[in-house]
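Visitor: Please take a close look at a single part of this model, and state the cut-offs behind each term that you use.

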Amino acid sequence: MNKPGSAGAQGGGAGGVAGPTAAAAAQAAQRQRSLLQRTDADIGSLLDNFSHLLKAARINDPVRNAQEAFQMEVHAARVVQAADSLLKLVSELKQSAVFSDFLSLNRSINQRIVKFGEQSQDAEKLLVTIGDEIANSLQELESHYYASPYRTLEADTEMFQPSSNDDSLLANAS
């Protein structure tokens, strides 16, 4: 049986987690200690009332039987209350285990952050490599174009002379 003081060994430390998550982990540890204390109290109550119930059942005096029957009913009701409280506590513990697993949730989030950071760096390196390849290919294409025997002098002069459209645009701009 776990004692209330042993809760720190199970889930008390946040393990270097900072910020709001550390506060949530501390709150979860405090809640765990509280639940363990409730468990101990409910089990103690269950055992005490059951032992009182057994003691009351041993008396065979007819005068005291009515009084003892009432005490037996009271102790039986307390046993039922303690058992009900333990069942509610088990339900809370299950919910706590499902919804309050902050430490593993933080580990998972941190692993995903690292993974996405690595993917981002890989994508950036790939984009830089593609950009370098494109620049080299463009430079190679330009050198082939300007060294090509099929390139004519007329094509070069047409490319650098303004057309009539360009003249009208220049006139409108001024």
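**A close look along the helices**

Guide: A25 has its place in helix α2, residues 20–57; a helix here is a DSSP run of H or I with at least four residues, numbered from the N terminus. The model is predicted: local features need pLDDT of at least 70 and side-chain atom pairs count only at pLDDT 80 or more, whereas totals for chains, interfaces and linings use all residues. Residues are numbered from 1 along each chain as its sequence is written, and side-chain values use heavy atoms, with hydrogens and water left out.

With a relative accessible area of 16%, A25 is buried (buried means under 20%, exposed over 50%, partly exposed in between, with a 1.4 Å probe and protein chains only). The C-alpha atom of A25 is separated by 6.4 Å from that of F102, although the two residues are 77 apart along the chain.

Helix α4 spans residues 102–147 and contains L126, which counts as exposed because its relative accessibility is 51%.

The ring centres of Y145 and Y146 lie 5.2 Å apart and their planes meet at 70°, so the pair is edge-to-face (centres within 6.5 Å; planes under 30 degrees apart are stacked, over 60 edge-to-face, the rest tilted). Y145 is partly exposed at 38% relative accessibility, and Y146 is partly exposed at 47%.

Terms used
Rings of Phe, Tyr and Trp (its six-membered ring) pair if their centres lie within 6.5 Å; planes under 30 degrees apart count as stacked, over 60 as edge-to-face and the rest as tilted. Helices (H or I, at least four residues) and strands (E, at least two) are DSSP runs, numbered from the N terminus.
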